[in-house]
Amino acid sequence: MYFAVISIFPEMFATIRDFGITGRAITQEQVTIECLNPRDYTTDNYRRIDERPYGGGPGMVMMAEPLSKAIDDARLRASQHGCRMDAAHCPVIYMSPQGQTLSENSVVSMADYDGMIILCGRYEGIDERLLAQYVDMEVSLGDYVLTGGELPAMVLMDSVIRRLPDIMGDDKSAEQDSFVDGLLDCPHYTKPHEFAGMAVPEVLLSGHHANIAEWRFSQQVERTQTRRPDLWQAFSPSVQQAKWLKALAKATKK
Ligand SMILES: Nc1nonc1C(=O)NCc1ccc(Cl)cc1
């Protein structure tokens with residue numbers, strides 16, 4: 001999958017390029033991340049990418065011209081990487097609190113794209129005419145305001161890369177499917193057997209995989225019911241999960 005990020009701080013993206021699963025996806029050439037700096041598309045001596053806002057007010061606004069040239073170049077490079085250049089296959093995504101809130105479901109569908117071009121804003125905002133002309137999708141991490149779009153862009157790329165095929169190996173399915181089903185994750189334990197006077201739940205040491213799977217599901221149910229009743233309301237169990245729920249209901253009735 002091809003990612004182009006438009007940002008005045010390209011160095012920030014070393015965070016996902018140089019470490020962990022996202023870094024490995026790049027070395028294994030499953031993922032390409034290119035950073036394009038709008039400053040490289042300016043024509044004046046000061047390499048201006050921001051100006052005072054029309055209508056007055058505090059701060060600066062990012063100018064349309066350098067961003068439009070950077071996005072045009074990103075589109076060219078995306079097509080050279082084999083991306084089909086339309087909104088359904090390689091959208092221009094703008095990270096902002098005004099966008100649609102990111103969820104695991106939308107991450108899963110975005111993993112099907114050939115690529116994406118992610119626009120990272122700074123200052124007070126980006127000239128609206130640039131957004132109108134180029135942006136296919138506005139995405140928000142949540143209702144809080146950061147100093148720029150770079151961290152949101154890295155969160156988006158990290159979550160999408162994690163859902164690409166052959167990235168997470170075979171252990172992905174277990175923990176991943178549970179959350180995608182709309183339940184919170186179960187607790188996890190590892191060595192040593194005892195920590196701070198607390199042991200590990202016996203069932204996890206039993207080697208009884210069916211009981212372990214049922215116990216983990218019951219923990220997910222309990223956590224989701226207590227911490228996220230909204231998710232619990234929306235939850236639709238699989239056939240196996242419905243069987244476990246029935247058994248759980250019986251057990252709690254006794
Ligand atoms: N919450 C969020 N979810 O996605 N992005 C955010 C966010 O706060 N961006 C900060 C931001 C975005 C655009 C500009 Cl021009 C300046 C700062």
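**Entry 1: strands around β5**

I began with strand β8, where I found that Ser140 is the bridge partner of Thr101. I noted that helices (H or I, at least four residues) and strands (E, at least two) are DSSP runs, numbered from the N terminus. Looking at how β5 and β8 go together, I saw that they run parallel and are joined by five bridges; two strands are said to pair if DSSP finds at least two bridges between them. I then turned to strand β6 (residues 115-119), which runs parallel to β5 and is joined to it by three bridges. Within β6, I found Ile118 as the bridge partner of Ile93.

Before going on, I wrote down that this is a predicted model, in which local features need pLDDT of at least 70 and side-chain atom pairs count only at pLDDT 80 or more, while totals for chains, interfaces and linings use all residues. I also wrote down that residues are numbered from 1 along each chain as its sequence is written, and that side-chain values use heavy atoms, with hydrogens and water left out.

**Entry 2: the ligand**

I asked which residues come nearest to the ligand. Among the 18 residues around it, these are Arg122, Leu141, Gly142, Tyr144 and Leu146, where a residue is near a molecule if one of its heavy atoms lies within 4 Å of it. I sorted the shell by class and got 10 nonpolar, seven polar and one charged residues; here Ala, Val, Leu, Ile, Met, Phe, Trp, Tyr, Cys and Pro count as nonpolar, Asp, Glu, Lys and Arg as charged, and the others, Gly among them, as polar. Strands β5 (92-101) and β8 (137-140) each supply at least two residues of this shell, and the largest share, four residues, comes from β5.

Next I looked up polar contacts, meaning pairs of N or O atoms within 3.5 Å. A polar backbone atom of Gly142 is 3.2 Å from a nitrogen atom of the ligand, and a backbone N or O atom of Tyr144 lies 2.8 Å from a nitrogen atom of the ligand. For Leu146, a polar backbone atom is 2.8 Å from an oxygen atom of the ligand. The ligand on its own has 420 Å² of accessible area, of which the protein covers 96%, by the Shrake-Rupley method with a 1.4 Å probe.

**Entry 3: a sheet of three strands**

I traced an open sheet with the order β3-β4-β7 and mixed pairing. Its edge strands, each pairing on one side only, are β3 (50-51) and β7 (125-126). Strand β4 (residues 61-62) pairs with β3 in the antiparallel sense over two bridges, and Met62 in β4 is the bridge partner of Asp50.

**Entry 4: backbone exceptions**

I kept in mind that most residues other than glycine have a negative phi, and most peptide bonds are trans. Glu29, in the loop between α2 (20-27) and β2 (32-36), has a positive phi of about 60° although it is not a glycine. Lys191 and Pro192 are joined by a cis peptide bond, with omega about 0°, and I located Pro192 in the loop between α7 (172-180) and α8 (209-227).

Conventions
A polar contact is a pair of N or O atoms within 3.5 Å; within protein, one must be able to donate a hydrogen and the other to accept it, and residues adjacent in sequence count only if both atoms are side-chain atoms.
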